[in-house]
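Hi everyone, thanks for coming.

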Amino acid sequence: MADQYFISIEQVSDAKVLVISVAARLAGMHPQTLRQYDRLGLVQPGRASGGGRRYSARDVELLREIQRLSQEDGVNLAGIKRVIGLEQLVTQLQQRVLELESEVIAAHRRIAELESTLPYGRRDLVRTQDTTTALVVWKPRRSTDS
């Protein structure tokens, strides 16, 4: 019963609940600046049923980062948009790498399970003398006694 009330930190930080005046105050900006950033696509606030902008805590963090890049680093808005896009791409790629690593681990486990069921294990694969990862197939000679 208590699980249905559980909310993750990500859900809280992504919840679009702050009106523009509060978000602007938290970010240290004028509300008109937030409207401009919305028009430019730098920050995408949610919309209330009446059409008013609603910002999340994550949006406020992004607004602060935009302000830092602009004021401290001297990056123009086009550059900021590019930086934000690249940071989002990096985050997506990092997530994909984690997913692929998990899949590789699962595949290795499955291979080990299948190898354990083989009657002779994987004796048909033998490492060569060099330091490469090349493998050679070894097949035992058939006995001529039978």
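**How the helices pack**

Let's start with a contact: I20, S21, A23 and A24 in α2 meet P31, L34 and R35 in α3. Contact here means heavy atoms within 4.5 Å, and helices (H or I, at least four residues) are DSSP runs, numbered from the N terminus. By class, the contact of α2 with α3 has 5 nonpolar residues, 1 polar and 1 charged. Ala, Val, Leu, Ile, Met, Phe, Trp, Tyr, Cys and Pro count as nonpolar, Asp, Glu, Lys and Arg as charged, and the others, Gly among them, as polar.

Before going on: this is a predicted model, where local features need pLDDT of at least 70 and side-chain atom pairs count only at pLDDT 80 or more, while totals for chains, interfaces and linings use all residues. Residues are numbered from 1 along each chain as its sequence is written, and side-chain values use heavy atoms, with hydrogens and water left out.

So how do α2 and α3 pack? Helix α2 (residues 20-27) and helix α3 (residues 31-40) have axes 8 Å apart, at an angle of about 100°. That makes α2 roughly perpendicular to α3. Axes are lines fitted to C-alpha atoms, for helices over the stretch in contact, and angles run from 0 to 180 degrees between N-to-C directions. Angles of 65 to 115 degrees count as roughly perpendicular, under 35 as roughly parallel, over 145 as roughly antiparallel, and the rest as oblique.

Next, α2 also packs with helix α4 (residues 57-71), at about 45° with axes 9 Å apart. These two are therefore oblique to each other. On the α2 side the contact uses A23, L26 and A27, and on the α4 side V60, L63, R64 and Q67. Those residues divide into 5 nonpolar, 1 polar and 1 charged.

What does α4 do with α5? Their axes come within 10 Å and cross at roughly 130°, which makes α4 oblique to α5. Here L62, I66, L69 and S70 in α4 meet I80, V83 and I84 in α5. This contact has 6 nonpolar residues, 1 polar and no charged.

Finally, the lining of the largest pocket has 4 nonpolar, 4 polar and 6 charged residues.
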